[in-house]
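Subject: Structure handover

Hello,

Here is the structure I promised to pass on. Please open it next to this email and follow along.

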Amino acid sequence: MKRIAICGGAGHLACYVRARLHEIGAEVFPFVRTECQKSALGDQAHVVDVGRPDMIEEAFKTRGPLDGLVYAVGRCRPDAFKEANSMSLNELFGTHFPPDMDRLVYGLQNVCKVAVNIGLRPGGVIVVVGSAINSPNYDRPSSQASVGPYAVAQAAQAQLIKEWRENPVARMRKIVLHYLTLGPVEGPFWGNSPQKPTEMLEPEKVAKGIVGLFKITGRHFDVEHIPGTNPQIAETPIR
């Protein structure tokens, strides 16, 4: 039986990932932000602030070593699109950036540091769920013009994953890091905004793709999926 943790385990997409993992008989450990979320998800859940290395270490030591990890942390609460699309770079100093860097970069670094060193078994798999917002294949709508800070954080996240793939300990332990970058996904994040995209990915299909990545070992996959297109896949062997 596979044992998988999900950071961002109470999120909309994570609900579908949890369901799909349970379908294939995996044991799932949601890492969530609040005690209320933990109570809703039961004893397998852990309250983990990805900005707190001590909480990350405690969760992995309690449940590990694990076979895999999904990192699906982001600004995905219901009706958050308006807030996410209202922060133009010309209005912000660096100290006033929204917490996207905390979630997408610093939090991922904290989690990978623990997962690669002690949290995962040798050959373990990490699937990071990101955004295709910086892809040349994604025609960013004019309604999403003010997402500069988010796009910067996503670019930093992509580079961080490349660096972890070259990390000597990750390579020695044959840890696999798959990176899934998505276009808009259906969900409550968009609320009733008239600016929400007309074409979006179905979360059930996205979750199936995420879970499918746990079958791939020995090489890293970069998967880009934008609505209206077939997934674009590139692979990098573990050196």
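Both faces of strand β1 (residues 3-7) are covered. Arg 3, Ala 5 and Cys 7 are buried on one side, and Ile 4 and Ile 6 are buried on the other. Buried here means under 20% relative accessible area, exposed means over 50%, and partly exposed is in between (1.4 Å probe, protein chains only). Five of the five residues of β1 are buried, so the strand is largely enclosed by the rest of the structure. Helices (H or I, at least four residues) and strands (E, at least two) are DSSP runs, numbered from the N terminus.

Some ground rules. This is a predicted model, where local features need pLDDT of at least 70 and side-chain atom pairs count only at pLDDT 80 or more, while totals for chains, interfaces and linings use all residues. Residues are numbered from 1 along each chain as its sequence is written, and side-chain values use heavy atoms, with hydrogens and water left out.

Now the sheet. It is open, has eight strands and shows mixed pairing. The order is β3-β2-β1-β4-β5-β6-β7-β8. β3 (46-47) and β8 stand at the edges with a single partner strand each, so one side of each has no neighbour in the sheet. Two strands pair if DSSP finds at least two bridges between them. β1 and β2 are parallel and share five bridges. Ile 6 stands opposite Pro 30 in β2. β2 and β3 also run parallel, joined by two bridges. There, Phe 31 faces His 46 in β3.

Helix α6 (residues 148-165) lies across β5 (120-131), β6 (176-182), β7 (219-225) and β8. α6 runs at about 160 degrees to β6. Axes are lines fitted to C-alpha atoms, for helices over the stretch in contact, and angles run from 0 to 180 degrees between N-to-C directions. Helix α8 (residues 203-212) packs on the sheet too, touching β4 (66-71), β5 and β6. The direction of α8 makes about 165 degrees with that of β6.

Which residues form the aromatic pair? They are Phe 31 and Phe 60, edge-to-face, at 5.6 Å centre to centre with 85 degrees between the planes. Rings of Phe, Tyr and Trp (its six-membered ring) pair if their centres lie within 6.5 Å; planes under 30 degrees apart count as stacked, over 60 as edge-to-face and the rest as tilted. Phe 31 lies in strand β2 (residues 27-32) and Phe 60 in helix α3, so the pair ties together parts 29 residues apart in sequence. Phe 31 is buried at 2% relative accessible area. Phe 60 is buried at 2% as well.

Helix α3 (residues 53-63) also packs against helix α5 (residues 100-119). The angle is about 35 degrees, and the axes are 10 Å apart. In α3, Phe 60 is one of the residues that meet α5, where the partners include Val 111 and Ile 118. Contact means heavy atoms within 4.5 Å.

Last, the exposed spots. Pro 237 lies in strand β8 (residues 232-237) and counts as exposed at 56% relative accessibility. Pro 237 touches Gly 218, Arg 219 and His 220, not counting residues up to four places away in sequence. Lys 174 sits in the loop between α7 (168-172) and β6. Lys 174 is exposed at 53%. Its phi is near 55 degrees, a positive value in a residue other than glycine.

Best wishes
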